[in-house]
Amino acid sequence: MRWMSLSIAAWCGLALIASRAGGDEPVSAEADGELEMLTLGGRQFWGDVHFFHDWRIQQNVFTKHYRLLDGRDVRHESGTFEACRDRLNAIIKRDKLPPMSGKGVILIHGIIRSSKSFADMGAALRAKGFQVFGFDYPSTRLSIPESARYLERAIESLQGIEEIHFVVHSMGGLVVRSYLAQSDPPDPRLTRMVMLGVPNLGAGMADRLRSLGLYKFLLGPAGQQLATDAEGLIASLPIPGFEFGIVAGARGDEQGFNPLIPGDDDGTVELARTRLPGAADFVTVRALHSFLMGHSEVIGFTVRFLERGHFRPEGNAEPIPPPVSPDGPGR
C-alpha cells in the first residue's frame, strides 16, 4: 500500500505542475512595436497543429480556437486557424525567414509532461544539425487517437523538411503508433524513431490504478488506454514500418525499482513491456522513467541512432525480431 500511495502522490504532484503550466497567465511584452502576450505555452490545454522553425500554431482543446506562438511562447495572434496562419505568413515575409529544410526531429512527451522535458535532448540534437520540433498536446484531456490527430496536422505542416525522425517518451510512442494506425498512408518522410520507456505492451501500473477516481481525474481518457488489456487500444496498434530503436530504464535485477511491478522496471513501466517486436536495436540504462529524456547516456544513444541506426558506438545492435504471421512481419 505504501508504494501504491507514493505512485498516486507522484501523479498528483505532476498534475499540479502541469495545471500551473497549462493556462495562459499572460504577461505583457513589447514586440515589434506591438503589445504581445507572453504565455506559459498551455501545456495541458493546447495542441500543436502547425510548425515553422520555432513558431507554432496551437488549438485549444476546450474552445477550439487557435493561437500563434513564437519560440519564447509569446502570443502574436489568436482566433481562427486562418488568422494565425496569415499572421505567420506576414511575419515570414517581413523578417525574411528562410524556408525549412534538412532533417527534422519531433520530440513527443508522455502523459502529463510537456516538450519542456526534452530541453537537454533538444539542445543536443540541434548541435548535430537537426531541426527540432517540440510537439505539445493535451495529454490528460484527450484519448490517444485524438492526440494522434493533432500530430498528423503537425507533421503535414513540416514543408521543406526532407526526413522526419521521432524521439518519444512513454505515452508519446503510443501517440505515434496511433498516428500510423489512422494515416492512410503515413507520411513517406518518416525515417527513424527512438522510443524512451514506452509501454508498448501496456503498463501494469495502469491496470492497478485505472479504477481509482483520482487516477481517472488526473490522467483522463488516455490513462485508461495505458492498461495491458488484450482487447484494448495498445494491442491494436501497428508496429512502425520505419526503423526504430528502444531505450528502457531498468535497475538491472529482477526486483526493479518498484516492488509493485513484477521483474525489472524503471519505476513506472515493466522492462518486458517496453520491448516491441521489430525494433532495430534495444538497450537499457539504469534510470527512472521520468528522467530518461535528460539522461546523458540516453541522449548519446539517441543521437547515434538517429544518425547511424544503432545505439552502441561499436555498432553491435540487439534487434527484437518481428512477429511471424501468414501476412508477413508486423501488422
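The secondary structure of the protein chain comprises nine helices and twelve strands. The model described here is a predicted one. Of the 331 residues in the chain, 54% count as buried. Among contacts between residues at least 6 apart in sequence, 69% join residues at least 24 apart.

Helix α5 is considered next. This helix covers residues 171-182, and its twelve residues, at 1.5 Å a residue, should span 16 Å; the end C-alpha atoms lie 17 Å apart, which agrees with that expectation. Ten of the twelve residues of α5 are buried, so the helix is largely enclosed by the rest of the structure. The buried residues are M171, G172, G173, L174, V175, V176, R177, S178, Y179 and L180. The elements that cover them include the strands β7 (103-108), β9 (163-169) and β10 (190-196). Helices also take part in this covering, among them α4 (144-156), α7 (213-224) and α8 (233-236).

Two packed helices are described by the angle between their axes and by the distance between the axes. For α4 and α5 the angle is about 75°, and the axes are 8 Å apart. An angle from 65 to 115 degrees counts as roughly perpendicular, and α4 is therefore roughly perpendicular to α5. On the α4 side, the contact is made by I144, P145, S147, A148, R149, L151, E152 and I155. On the α5 side, M171, L174, V175, V176, S178, Y179 and Q182 make the contact.

Aromatic rings form a further set of interactions. A pair of aromatic rings is described by the distance of the centres and the angle of the planes. The structure holds seven aromatic pairs. In one of them, the rings of F45 and F62 have their centres 5.7 Å apart and their planes at 45°, so this pair is tilted. F45 lies in the loop between β2 (34-38) and β3 (46-52), whereas F62 lies in the loop between β4 (55-60) and β5 (66-69); the pair therefore ties together parts that are 17 residues apart in sequence.

Y66 and F81 form an edge-to-face pair, with 5.5 Å from centre to centre and 70° between the planes. Since Y66 belongs to strand β5 and F81 to helix α2 (residues 81-95), this pair ties together parts that are 15 residues apart in sequence. Both Y66 and F81 are buried. The ring of F81 also has a charged neighbour: the charged end of R153 sits over this ring, 5.5 Å from its centre. Elsewhere, R275 lies over the face of F282, at 4.6 Å from the ring centre. Ring pairs also link F301, F305 and F311 into a cluster.

The surroundings of Y66 include S78, a residue of strand β6 (residues 74-79). S78 and Y66 are twelve residues apart in sequence, while their C-alpha atoms are 5.5 Å apart in space. With residues up to four places away in sequence left aside, S78 touches Y66, R67 and C84. The relative accessible area of S78 is 37%, and this residue is partly exposed, whereas Y66 is buried.

Note on methods. Residues numbered from 1 in each chain as written. Predicted model: local features only at pLDDT ≥ 70, side-chain atom pairs only at ≥ 80, totals over all residues. Heavy atoms only, no water. Phe/Tyr/Trp six-rings, centres within 6.5 Å; stacked < 30°, edge-to-face > 60°. Helix = DSSP H or I, 4+ residues; strand = E, 2+ residues; numbered from the N terminus. Buried < 20%, exposed > 50% of the residue type's maximum accessible area, 1.4 Å probe, protein only. Lys NZ or Arg CZ within 6 Å of the ring centre and 35° of its normal. Expected span 1.5 Å × (residues − 1). Contact = heavy atoms within 4.5 Å. Axes fitted to C-alpha atoms, helices over the stretch in contact; angles between N-to-C directions. Parallel < 35°, antiparallel > 145°, perpendicular 65-115°, else oblique.
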